[in-house]
Amino acid sequence: MQILKLNNVKKSEGVIYYRRQYTAEAEIELPNCIEKIPVSFIIETGPLGDKQFELEFDPRLINYPLVPVKKALKEYILNIDQMGALPL
């Protein structure tokens, strides 16, 4: 299982500047197919610079164990955020 990319990443406008909300379509390579699932996630920066992360998607859309998918998506999203590739 591998996360290939995030498509159509859109930032939702929010009032709180340290809390960023996004929606996107995740392209995930599974052992026998490639799935595209809609996801929404929130990245919140704490007062000491630490990042809190929340991820939501419909588990019925994917036929694979959820824990590895959530872990891989979290790592992928936080890496592209660290590189500055998410919309501000």
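**Rings and strands**

Tutor: Phenylalanine 41 and phenylalanine 53 are both buried (under 20% relative accessible area with a 1.4 Å probe, protein chains only; exposed is over 50%, partly exposed in between). This is a predicted model, where local features need pLDDT of at least 70, side-chain atom pairs need 80 or more, and totals for chains, interfaces and linings use all residues. Residues are numbered from 1 along each chain as its sequence is written, and side-chain values use heavy atoms, leaving out hydrogens and water.

Student: How do I describe a pair of aromatic rings?

Tutor: You give the distance of the centres and the angle of the planes. Rings of Phe, Tyr and Trp (its six-membered ring) pair if their centres lie within 6.5 Å; planes under 30 degrees apart are stacked, over 60 edge-to-face, the rest tilted. Phenylalanine 41 and phenylalanine 53 are stacked, at 6.1 Å centre to centre and 25° between the planes. Phenylalanine 41 sits in strand 3 and phenylalanine 53 in strand 4, 12 residues apart. Strands are DSSP runs of E, at least two residues, numbered from the N terminus.

Student: Which residues do ring pairs link into a cluster?

Tutor: Tyr22, Phe41 and Phe53.

Student: And how many bridges join strand 3 to strand 4?

Tutor: Two strands pair if DSSP finds at least two bridges between them. Here there are 7, and the strands run antiparallel. Isoleucine 42 stands opposite glutamate 54 in strand 4.

Technical notes
Helices (H or I, at least four residues) and strands (E, at least two) are DSSP runs, numbered from the N terminus.
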